[in-house]
Amino acid sequence: MTALLDRPVDTTAWTVGEPRLLAGLAQHARLDLAAHLSVHGALPPAERLVGYLEATPIAGRGGAGFPLAAKLRSLPGRAKHVVVNGTESEPASRKDRTLLLRTPHLVLDGAIAIAAATGARDLTVAVHDAAVAASVRAAVAERGDARGVQVRVIPGGFVAGEARAVVRALQGGPALPPGRRTPPTATGTLVSNVETFAQAALLLRYGPHRFADTGTRTEPGTTLLTVGGAVARPGVVEIPLGTPLGIVLAAAGAPALPEAVILGGYHGSWAVPMPDLRLSREGTAAVGAAFGAGVLLVLDGASCALGELARVAGWLADESARQCGPCRFGLPALAADVAALAAGLPRAGAAAQHARVVTGRGACAHPDGAARFVTSGLHLLRDEVDRHAAGGCRRPVLAQLPIGGAR
């Protein structure tokens, strides 16, 4: 398994519309406590938060999108431990580390409020890299209400960011999802994504009505996307939920006619770049895609798209936990099928069969997510597969899709 590298993170950030999560970052490289309070104001009492969450449908901003209110309801009484999952193991994403590096107090506000509202005595921020840990520790040191907050650096790797893997690592075990799919809330541990806690802090400040001033009726508020690939303006962008894809692509300086987009990261989907596609969980689901981890990658015609898919499929196979048959055998076979298709060999039927075999049978969600990513790519690239079978597209693979530690 590949550990994520401790290399500088590009925290370039911009907005479509009025900033909320990214407020103040146009004026400050990083918001210390004084700057944070001048931008966001003091945090209201935490006891309001649970009621606000029940009135406001906030989906978790990690890959699964589980509603935060439902997660709180699933706790068996008081929470024992609140964990901020800042590992961000998705190599195409840097939104969570941007928040922790540039506006860490907003995340701590939400985490401390949720810990208070649920009765949790322990609060941990889990990260993969030292620079993020240093930023969070500096923020903790500035606050009088964060003396008990722990910041832990745990081992990296793609599946190491899954909530159960994070909890297992914090308990001294390997940073791998356990075989049983029991959610951490079943034992009193609330794990959620960095952006989710920051959204909770905004909701507590704004209240449900103001929070819902932007976004859609079913998905109020804003969200963060990491935009990359063949764009002139890569970075982390805050958008109102439901913003059309075409607006974001134009703002990011994407080519006028992209070949494809990746939505949701490497457990997400390939999609046709339809300008009127609404960027929300509901909007992407309507076209059979996944919003996932809030990633938007653009492929242009300069790079071989099938070669890009093969490269990521191989990386996903290498990043498996190797705890079950689908990870140990199925994903490598699927990656080999895609590599063969890129080489012009007739393996489309085998790829479809291997994807079906791994789906729903893994010890964790990695085989399902990888199979969805590969099959959506092969479906979109049917003509490309035919071109390769007829002699190849003659385009290089430019690595427009980042893998490993290349952020």
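## Salt bridges in the model

The count of salt bridges comes to 14, where a salt bridge is a side-chain nitrogen of Lys or Arg within 4 Å of a carboxyl oxygen of Asp or Glu. This is a predicted model, in which local features need pLDDT of at least 70 and side-chain atom pairs count only at pLDDT 80 or more, while totals for chains, interfaces and linings use all residues. Residues are numbered from 1 along each chain as its sequence is written, and side-chain values use heavy atoms, with hydrogens and water left out.

One of these pairs is R97 with E88, whose closest N and O atoms lie 2.8 Å apart; both R97 and E88 are buried, meaning under 20% relative accessible area with a 1.4 Å probe and protein chains only.

## A link between two helices

R205 and D109 form a salt bridge through their side chains, at 2.8 Å from N to O. This pair connects distant parts of the chain, since R205 sits in helix α8 (residues 194–211) and D109 in helix α5, 96 residues apart; helices are DSSP runs of H or I with at least four residues, numbered from the N terminus. R205 and D109 are both buried.

Salt bridges with shared partners also join R61, K95, D96 and E195 into one network. Within it, K95 pairs with D96 at 3.3 Å between the closest N and O atoms, and both of these residues are buried.

## Helix α5

Helix α5 covers residues 104–118, and its end C-alpha atoms are 21 Å apart, which agrees with the 21 Å that its 15 residues should span at 1.5 Å a residue, the expected span being 1.5 Å times one less than the number of residues. Of these 15 residues, 13 are buried, so that α5 is mostly covered. Just after α5, G119 adopts a positive phi of about 80°.

How values were computed. Buried < 20%, exposed > 50% of the residue type's maximum accessible area, 1.4 Å probe, protein only.
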